[in-house]
Amino acid sequence: MQRFALALLLAFAATTAQADIIGTTPKVQARLIAQSDSIAPGQTVTVALEQVITPGWHTYWVNPGEAGLPTTLDWKLPQGWKTGALEWPYPKRLPVGPLMNYGYEGKVWTLTSVTAPVDAKPGAMLTLPAKASWLVCKEVCIPEDQTVMLAFTVAATPSAPDPKLAAQFATARDKIPTPSPWPMRFHVGDNVDLFIASPALVSAQPTDVEFFPAAAGEVKDFAPQTAGTASGGLVLRMTPGEKSKSIKSLTGVLVLTSSDGSVRALNVNAAPGEVPQANFSNTGSESGDMTWLAAIAFAFLGGLILNLMPCVLPILAMKALAIASKVGADKREAAHEGLGYGAGAILSFVALGAAILILRAGGNAIGWGFQLQNPVAVAAFALLIFAVGLNLSGVFELPAGVSAGDALTRKGGVIGAFFTGVLAVAVAAPCTAPFMAAALGFALSQPAAIALLIFVALGLGFAAPFVLVGLAPGLLKFLPHPGAWMLRFKQALAFPMYAAAAWLVWVLAQEAGSMGVVAALAAMVTLGFAAWSWGASREANTSRWRMIGAIAALLAFIASLALLSFANVSAPANAVASAQVEGIPSEPYSAARLQSLRAANRPVFVDATAAWCITCLVNEKVAFSNQAVRDGFAQKHIAYLVADWTNRNPEITALLAAHGRSGVPLYLYYAPGADAQVLPQVLTEGSVLAAIGTR
């Protein structure tokens with residue numbers, strides 16, 4: 001009652017003395033969005049109430065905190081139609097003066113559902129109205145409402161969700177709290193202590209832990225909350241509220257922010273019980289005991305090692321060609337090209353790092369290698385690699401491109417070296433190397449300036465070998481001098497590019513199904529025609545034919561890019577996981593499945609992989625295909641869970657973050673009753689057998 005009276009008082013102030021300040025324009029625009037615009041008799045369709053809130057203003061969660069009112073949705077439905085309860089996304093803390101509110105800013109989707117009656121008549125078209133009401137506040141508060149409409153056509157058969165809205169609904173669903181996989185209990189004394197029984201959560205060291213109580217007065221809203229480690233889990237310490245002594249069951253939402261910035265929200269329904277002693281001195285934003293200087297050193301070493309990882313093998317051909325072209329060149333030219341390559345590599349790593357930081361700040365649960373989780377990006381990358389192969393094969397030459405023999409040395413240039421560095425990073429980026437994984441996990445938990453410094457160190461390590469050759473050209477004396485042999489060498493190096501393009505098309509098949517592959521192959525054929533037309537136009541005897549060839553090349557190139565849009569289709573529902581190890585039965589990873597297997601005291605091996613991670617695929621062939629490993633899994637009855645990260649999956653992102661990783665591969669072995677054992681990123685038969693205890 002006190003909170004309601006305060007909200008009314010604020011609203012009254014808004015509509016009187018402050019009216020000339022706030023104006024009459026609504027501060028929130030609302031609409032209803034259905035996952036499908038048709039509905040079958042008896043079918044239930046998910047619906048979102050979208051609120052677009054004016055910057056600087058906010059609306060409220062179901063428990064608004066110390067002041068405010070939650071949003072309501074009052075439907076006017078025909079006979080037999082039903083709606084579900086509102087499903088609230090997790091809120092944020094919104095301090096206003098001496099008060100702490102819980103609510104939302106920007107754009108928010110609150111989910112609900114609509115169910116048609118079983119006797120609804122197919123073909124009928126109807127509009128379902130509802131009145132949405134909310135309190136929107138800044139320094140002042142304004143009660144607003146809006147009539148929102150939802151149009152449906154009754155279909156004879158159940159309708160499928162609109163694929164154009166699928167990603168938006170998936171993002172909204174990710175923000176709805178889910179049942180906790182871990183037991184919780186609480187104790188009220190001088191503090192309100194909430195215990196989350198999860199050793200894995202302790203090792204993950206989340207950077208932020210917040211509890212939003214479902215009922216007012218149980219904890220002091222404005223007081224700080226402190227997370228500490230205890231035996232077997234985490235303890236969140238809060239200040240008691242006016243009603244804390246009468247709590248029978250502590251309910252609300254627990255929001256965990258991982259070191260890579262991903263967020264997981266859990267429903268809390270904790271019973272009273274004993275809470276172990278906790279250490280609150282070791283909490284903070286650092287990942288483990290790593291410092292930013294150590295992270296920079298790890299990033300440099302990881303960049304060096306990344307040159308030797310299987311995922312970089314396709315680009316080694318271009319590196320070899322560029323290095324060979326420097327034999328006999330003057331020292332200044334070699335140094336300039338080495339530095340050009342280094343600049344391209346370093347800036348590319350920084351650009352990728354900045355993109356991850358920006359996307360994560362916008363609420364996307366992504367990690368290292370995210371660019372190959374988008375089918376269009378995979379298809380475009382395949383097209384780029386295919387074009388490089390055509391260029392190396394001599395199908396076409398760019399005006400400032402490379403040619404054979406001495407001309408190759410003269411025309412390589414700083415620009416060519418720069419873009420060789422860019423392409424090398426594009427190929428290498430999806431995979432992680434030893435040392436690199438820990439550095440990236442730390443970087444994504446730090447302020448942007450430190451994170452970008454770590455990405456610079458990663459680029460420096462990756463570029464160091466080629467830059468060193470440029471600065472110390474004496475190392476090139478062991479290579480033969482440029483000459484006619486380089487034309488054949490260049491043409492031969494096209495085949496690793498074609499192999500890489502074929503691999504990317506296979507990756508696309510895992511993400512987008514057969515139609516995505518058809519689109520990519522059609523784009524490749526069209527691009528091949530464009531390259532041939534361009535090459536033919538350069539050799540034409542008349543300006544007229546050169547112009548016709550150039551126009552044909554341009555149109556074909558545009559058509560190849562247009563075809564890429566058709567690659568963004570959904571993978572088939574029965575798509576299999578990336579890791580397919582003959583002789584070891586596997587099943588898809590989920591946190592719930594892992595929890596149930598561990599509760600049954602069964603050993604579990606988790607393989608976090610992706611179709612676009614060549615290191616992962618090599619590990620599967622080298623480490624898992626041996627009969628001794630298969631026998632070991634069978635002998636110990638080990639459950640093999642495949643966490644397939646080929647397409648974006650927030651649950652797998654959370655698994656990676658819980659172990660300080662931002663990308664794949666990640667291998668975990670859970671012995672019965674023990675915490676996860678993290679295996680090396682480059683596996684051998686011996687390392688797997690040693691981990692599972694059969695060697």
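**View 1. Lys92 faces a partner across two paired strands.** In this predicted model, Lys92 stands opposite Gly103, a residue of strand β8. Take a look at the two strands here: β7 and β8 (residues 99-104) run antiparallel, and five bridges join them. As a bit of background, strands of a sheet pair through backbone hydrogen bonds, in either a parallel or an antiparallel way.

**View 2. Three strands make an open sheet.** Stepping back from Lys92, we meet the sheet with the strand order β4-β8-β7. Its pairing is antiparallel, and the sheet is open. Which strands sit at the edges? They are β4 and β7 (92-96), each of which pairs on one side only. From one strand to the next, the twist averages 50 degrees.

View 3. You will find Gly56 in the loop between β3 (44-53) and β4 (59-65). Is this glycine buried, partly exposed or exposed? Gly56 is partly exposed, because its relative accessible area is 47%, which lies between the 20% limit for buried and the 50% limit for exposed. Setting aside neighbours within four places in sequence, Gly56 is in contact with Cys137 and Lys138.

**View 4. Helices α5 and α12 cross.** Here the axes of α5 (residues 292-306) and α12 (residues 448-471) come within 7 Å, crossing at roughly 30 degrees. The crossing of α5 and α12 is right-handed. On the α5 side, the residues making the contact include Trp292, Ile296, Phe300 and Leu304. On the α12 side, Ile450, Leu453, Leu458, Phe462 and Pro465 are among them. Glycines take part as well, including Gly302 and Gly303 of α5 and Gly461 of α12. How many residues of each class make up this contact? There are 16 nonpolar and three polar residues, and no charged ones.

**View 5. The whole chain puts the close-ups in context.** Zooming out, the chain has 20 helices and 25 strands. Of its 695 residues, 50% count as buried.

Note on methods:
Residues numbered from 1 in each chain as written. Predicted model: local features only at pLDDT ≥ 70, side-chain atom pairs only at ≥ 80, totals over all residues. Heavy atoms only, no water. Axes fitted to C-alpha atoms, helices over the stretch in contact; angles between N-to-C directions. Helix = DSSP H or I, 4+ residues; strand = E, 2+ residues; numbered from the N terminus. Left-handed = near helix turned anticlockwise from the far one by under 90°. Contact = heavy atoms within 4.5 Å. Nonpolar A, V, L, I, M, F, W, Y, C, P; charged D, E, K, R; others polar. Buried < 20%, exposed > 50% of the residue type's maximum accessible area, 1.4 Å probe, protein only. Pairing = 2+ DSSP bridges.
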